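Take a look at the fold first.

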Amino acid sequence: MVSTPVTMVVFVLPASLRRWVSGRTEVKVFAVGADRDSPPTLGSALDRLRRSHPMLEERLRDEYGRIRRHISMIVCGENAQGIGGLDCALPPGAEVYVLPALA
């Protein structure tokens with residue numbers, strides 16, 4: 001049996017988004033790679049988040065599936081936009097800090 005890579009991802013949320021997840025500061029999801037040779041990505045983690053918390057995910061991505069302009073996501077200490085955006089690979093136990101973008 002061939003399996004695809006899976007990793008636990010922790011989304012750490014600012015106070016402004018916690019109302020969509022019953023006040024929690026973190027939401028955990030399992031991100032799954034597209035195939036056995038592809039690591040889980042930020043996009044796949046957000047796809048999983050959509051299933052468990054659709055109202056939250058709707059505030060993070062626009063109708064085209066892109067990260068909203070007013071949201072920054074920090075993946076393991078780096079801005080996701082600089083390391084591939086939705087396609088950036090997530091290591092095991094990745095933490096994604098969701099922040100309102102600064103003007």
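Which pattern does the protein follow when read along the sequence? The order is β-β-α-α-β-β-β. That comes to two helices and five strands, where helices (H or I, at least four residues) and strands (E, at least two) are DSSP runs numbered from the N terminus.

This is a predicted model: local features need pLDDT of at least 70, side-chain atom pairs count only at pLDDT 80 or more, and totals for chains, interfaces and linings use all residues. Residues are numbered from 1 along each chain as its sequence is written, and side-chain values use heavy atoms, with hydrogens and water left out.

Now the inside. Buried residues (under 20% relative accessible area, 1.4 Å probe, protein chains only) make up 38% of the 103 residues. The largest nonpolar core has 23 residues. Such a core is a set of buried Ala, Val, Leu, Ile, Met, Phe, Trp, Tyr and Cys residues joined through side-chain atoms within 4.5 Å. Val9, Phe11, Leu42, Leu49, Leu56, Leu60 and Met73 have the most contacts inside this core. At least two core residues come from each of β1 (6–12), β2 (26–32), α1 (42–52), α2 (54–60), β3 (71–75) and β5 (94–100). The largest share, four residues, comes from α1.

Follow Leu60. Leaving aside neighbours within four places in sequence, Leu60 is in contact (heavy atoms within 4.5 Å) with residues including Leu17, Leu46, Leu49, Ile71, Met73 and Val98.

Finally, the outline. Along its principal axes, the C-alpha trace spans about 45 × 30 × 25 Å. Carbon and sulfur atoms hold 52% of the accessible surface of about 6,200 Å², by the Shrake-Rupley method with a 1.4 Å probe.

Terms used: Buried means under 20% relative accessible area, exposed over 50%, partly exposed in between (1.4 Å probe, protein chains only).
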